[in-house]
Structure formats: structure tokens, C-alpha cells
Amino acid sequence: MNSIDFSKDLINFIDASPLNYFAVKNAGEILEANGFKKLREDEVWDLEKGKYYTTRDDSALIAFEIGEDLKKGFEIIGSHTDSPTFKVKSNPEMADAGFLKLNIEAYGGMIHSTWLDRTLSLAGKVAYEEDGKVKYALVNIDRDLLTIPNAAIHMNREINKGYAYNPQDNLYPLVKTIKDRLEGESYLLNILAEELAIDPENILDFDLGLYDRQKGALINDMVQVGRLDNLGSVHASLMALVDSKPGRNKMILLSDNEEIGSRTRGGAASNFLGNILERIAQKFGLDREGYQIMIENSMIISADQAHATHPNYQAFADPTNKVRMNEGLVIKIAANGAYASTIETKARLMKIAKKYGYKLQTFHNRNDKQGGSTIGPITSTSLGIKALDVGIPLLAMHSIRELAGVDDIYEAYEIYKKFFEED
């Protein structure tokens, strides 16, 4: 597979994953097609050397392969399944000025303006009652459903002068025109019931987010698609795991809710990763000291994304660490601890890159800009595991459509695969 084919596969994965739940579903299907056995957290595990995965709440996933003495540790790559979007509130229908609108709230730090004047729809998870039991189903309303229109420039002359959209007033998605308020009653529940072929009165709850209906695209040597942050890393680490040679202890962590701080049951600050590692150690007879040795010999790559230097905004970049698109995976470094990279973990990746001729870059924030953080410091702090923060360079991060280079996407996959295969 070359870089173009791999990028096309990534686009297909993202287009089929409009929300976190679908990223986990699609990852699970790829794992099972490659011989990974699904485990449930609420059942007893019978483990031997081999390939396994488990999910939590349909939005987080851990897959692992056991190939050698556990005291040698695990090579782990962690990423996250969520991306900025708008979530639908309870009782969302709003009738206003002849339109049916939906009440929403922002999830994560998106660039608001990029969501306007686009064709949108909804996807997510629905809870419903059937035969006296609570059941769950994923739903993707695969049709053009919503839009958030701008105000005309004639009515808002400040639109090109740094105008700030107010999410409480300006960002409601429109569904359709209506003659009276009654037309909008239970509109969303009826749509969901139709999708799932159930009675709307049986729907108990939903978790729905907006997504862009436009498919991803290749623009010469660049990929433009939504949710590259961080499904680009999910896809690269997933494919590296299934394609890497057997023999070592390997794991991927696809955590949820990174964009809102990771402090949820499926987030990196939860007990998900720690519980799975302890459970594996116990099943193979390691005592507490043996488990601690395993952790000390393990390493996690926190694979999020990085900022490429924007040719139209070069002043935003650090003067001696300018990141170029299609010039290699980026090691992210921060003196304030926002990234978990250390001299030891950087050296490990640099050794791999040097051996195989892969390019690496470094990213530091400008001293007058506060950047984001990742799951790296969270997992390193909670488990005491060595960690490294890396990312594929992007432009327009947290826009509804982000931009990455095809060579960087493919080389990230290649580096992750080598990380799984050798010291």
C-alpha cells in the first residue's frame, strides 16, 4: 500500500465514522476481521497468548496482543475517538420565525464559523425500551437534514472584522420551515423512531452530535476531511497494530472525551487502561511487583495531532521549530508539561526513524501562546508509564474540515508499526 491508497482508506474510515461511537464500531470490525477476539469487562476472561479487544460504553476501545513475557512490558499507542461538534440538548425542538430549529450545545473547542452554511446531519446513540428491557442502538441519519446559515453581510457588516458568534443566539441548526409550532413537536423522536423502526414512545434517551455531510477529499498531496483530529491517529495506530509482525506485547488505547478534558468513564483519566493492564497481569500470574515491572518496561505513544506552520499565518509558529506538512511525524514538546515527551522517550522514536530513514519534526508553542494538551500527561501521571507525545501535522485543526499531508499520514502508520515490532 502506498501513501495515496492509505489516505483513501483513512478517508473511508472517517466518512464512515461521523461520531465517536462509529469510530469504535468500525475499529472493532477491523480488529475482528484480523483475528482479535472481543472481551466484555463484565465477564471472566480466559487469556492466553493472542489477540483481544474490549470496549467501554461503545465510545472507547482497548485492543492488545500478547506475544511474550509480560514483564517485558507493552508498547502502547493511545489516541481519542471524539472530535469537536455540537451535541443536541434534551427537548431540542424550537419554533422561531417560521422555522424549526434544534437546541444544541458546543462539545469541544471547534472553529464556529466553519460549521455555518454547510449541509449537516445527526449521528449518535439511542436508548430505548423493548420487551421491558433497555436496549441501545447506533443511528446515523444518512441524509441532508440540517444547516446553520449565516446572517447576510448587509445585516452584519462586522462579519469580516473578527465577529464572534454567540452559541446561545447564533448557532442553532435549522431543520425546515413550519407554519405553526405544532409541526415541530417530537420531530427528532419521530425521526429517530423511523430510523430504528420502533415506536417513538419507547425512546428513553439519546446522545447525538452534528456532522458534516461532505465527504473527505484528496487535494493533490493533501487530505481534507473532518475529524482528522483525532481519527487520523485512531486509524494509523489501528492499522499499525493489525499489520505489525507478531511477537511482542502490543496495545492501542482509543479513549473518549479528550476534547473536554478526558475526565469521564471512557476518558484517559478513567481507570479503563489501568484496569485492563492489571487484569492482563493477574490472568498471567503476575503479582503486584511483577505488574510494576511490566509498567516500568512499558511505553505509551500519545498519538494526537500537531500544528503545521500555516503559510498565511507564519507568525503563529515558533521561530526555530517550524513544522512542514509532508515532512514527517511531529514530536511535541512543552516545558510546562502539557506534553509528556521526555528525553528518553524521544530517543526511542529517533532511533527507529534513523534506522529506517523516516523524517521527524519537533513542535514547541510560541512563548506567548498557550497550546492544548493530550492524553499523554494523564496516562503517564496516573500509571507511571513512560510517554511520548506525537502527531501528524495539520492545518485548520478543529475546523469542520482539517488538512493533512498524505506522506505524513502514511509515515505515521509506518513508524507506529515499527514501534510495535522492535526496541
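Which side chains meet in a salt bridge at 2.8 Å, N to O? In this predicted model, local features need pLDDT of at least 70 and side-chain atom pairs count only at pLDDT 80 or more, while totals for chains, interfaces and linings use all residues. Residues are numbered from 1 along each chain as its sequence is written, and side-chain values use heavy atoms, with hydrogens and water left out.

**View 1. A salt bridge between Arg265 and Asp57.** The side chains of Arg265 and Asp57 meet at 2.8 Å, N to O, a salt bridge being a side-chain nitrogen of Lys or Arg within 4 Å of a carboxyl oxygen of Asp or Glu. The two residues are 208 residues apart, with Arg265 in the loop between β13 (250–255) and α5 (272–283) and Asp57 in the loop between β2 (50–56) and β3 (60–66); helices (H or I, at least four residues) and strands (E, at least two) are DSSP runs, numbered from the N terminus. Asp57 is partly exposed, with a relative accessible area of 40%, where buried means under 20%, exposed over 50% and partly exposed in between (1.4 Å probe, protein chains only).

**View 2. A salt bridge between Glu296 and Lys386.** The side chains of these residues meet at 3.9 Å, N to O, and the pair links helix α6 (residues 288–296), which holds Glu296, to strand β17 (residues 386–395), which holds Lys386, 90 residues apart. Glu296 is partly exposed at 48% relative accessibility, and Lys386 is partly exposed at 34%.

**View 3. The salt bridge of Asp368 with Arg366.** The closest N and O atoms of this pair are 2.7 Å apart; Asp368 is exposed, with a relative accessible area of 54%, whereas Arg366 is partly exposed at 27%.

**View 4. The largest cavity.** About 210 Å³ of space lies in this cavity, a set of points on a 1 Å grid over the protein atoms alone where a 1.4 Å probe fits but cannot get out, and its volume is the space filled by probe spheres set on the points, which are joined across faces, edges and corners. The lining comprises 22 residues (those with an atom within 4 Å of a point), of which Ser83, Pro84, Thr85, Trp115 and Arg227 lie nearest the centre. Strands β5 (85–96) and β10 (203–212) are the elements that give two or more residues to this lining, and β10 provides the largest share, 3 residues.

**View 5. Ile111 and His398.** The C-alpha atoms of Ile111 and His398 are separated by 6.0 Å, although the residues are 287 apart along the chain. Ile111 is placed in the loop between β6 (99–107) and β7 (120–130).

Methods
On a 1 Å grid over the protein atoms alone, a cavity is a set of points where a 1.4 Å probe fits but cannot get out, and a pocket is an open set with protein on both sides within 12 Å along at least five of seven lines; lining residues have an atom within 4 Å of a point.
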